[in-house]
Amino acid sequence: MKTYTNVFDLGDLKTALAEAAEIKKDRYKYEGLGRHKTCLLIFFNNSLRTRLSTQKAARNLGMDVIVLDVNQGAWKLETERGVVMDGDKSEHLLEAIPVMASYCDVIGVRSFARFESREDDYTEKILNQFIRYSGKPVFSMEAATGHPLQAFADLITIEEYKRTERPKVVLTWAPHPRALPQAVPNSFADFMNEADVDFVITHPHGYELDPKFVRGARVEYDQQKAFEGAEFIYAKNWACPGVTCPEDYGKVLSKDRSWTVDTEHMSWTDNAFFMHCLPVRRNMIVTDDVIEAPTSLVIPEAANREISATVVLKRLLQGN
Ligand code: AN0
Ligand code: CP
């Protein structure tokens, strides 16, 4: 593997899941692989899980780790070519990328959607500059339109907890006070469409995800109908993806709390497990009762971030 930005980079998912199970049994099995190799993690945005689990994963493989928070202590970076840099930005990404790359062997990048231009976000302008100008294997730690380390951890969690061969998995929109990216739901859809599950997406009108990620999935606007018979409920907020309403891209169209996942919502399901990538706002996305119930998987799901990152870094080191 040379880059990790979406489900297709993993190839056969059964093989990837078997590798995850192998790592989970002995997370230090490939400890020798990263000797004298350095993993650089670059954060343009906040993080708790990704920051910790990816460092842990790199150490499982015997790598050294450098973490850079671009907005805390580094020079402010210009990302556009052709700009007269007479403002507050002291350095251009086009110098910063090769410099940073010269100190490491693998690069992880977190760079959220900026909601300034749908085209810039959906062409992954920042992440692709790292891929193009670093000359090093690059992996997404949540970029503008995808969060594949999260979605791989979610798939591992579903595989571990599923009660039926082909479980019904529902991705549901839920309300949030601020505009959030589509990266998590996009990648979750990307993975579920390739996995052996019955996948349904539910959200209010106007929140249609990009067809590149929805592909053949069933979209059901009636949340109750969508939840019926579900074995896994995956909740997430996202701002307007601008598919049916380009002028509304990045806007909060609804804060309708009838979409908040509570015990009544869960009663429509087949005793489903509850999932969320975290961080989560309680009683907006999900009630205290649901997230604290024994059927809540949010903690094991977050723990599996170490496993997904170990598999991905291992493959990037092996170059296969
Ligand atoms: C981010 C998002 O929704 O993409 C990160 C989730 C992993 N969430 C927030 O910014 C609250
Ligand atoms: N789920 C996730 O990526 O969390 P962080 O934003 O805390 O890294």
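On a 1 Å grid over the protein atoms alone, a pocket is an open set of points where a 1.4 Å probe fits, with protein on both sides within 12 Å along at least five of seven lines, and a molecule sits in a pocket if more than half of its atoms lie within 2 Å of its grid points. This is a predicted model, in which local features need pLDDT of at least 70 and side-chain atom pairs count only at pLDDT 80 or more, while totals for chains, interfaces and linings use all residues. Residues are numbered from 1 along each chain as its sequence is written, ligands are numbered from 1 in the order in which they are written, and side-chain values use heavy atoms, with hydrogens and water left out.

Ligand 2 sits in the largest pocket, and its surroundings, counted as residues with a heavy atom within 4 Å, include S47, R49, R110, H147, Q150 and R305. Domain 1 (3-146 + 305-318) and domain 2 (150-301), with bounds from an automatic or database domain assignment, both give residues to this shell, so ligand 2 lies between them. Among its polar contacts (N or O atom pairs within 3.5 Å), an oxygen atom of ligand 2 is 2.6 Å from a side-chain N or O atom of S47, and a nitrogen atom of ligand 2 is 3.0 Å from a polar side-chain atom of Q150.

The space taken by ligand 1 is likewise the largest pocket, and the residues around ligand 1 include F112, E142, L180 and K236. Here a polar side-chain atom of E142 lies 2.6 Å from an oxygen atom of ligand 1, while a side-chain N or O atom of K236 is 2.7 Å from an oxygen atom of ligand 1.

Key
Polar contact = N/O pair within 3.5 Å; in protein donor to acceptor, adjacent residues only side chain to side chain. 1 Å grid on protein atoms, 1.4 Å probe; cavity = no way out; pocket = protein on both sides within 12 Å on 5 of 7 lines; lining within 4 Å.
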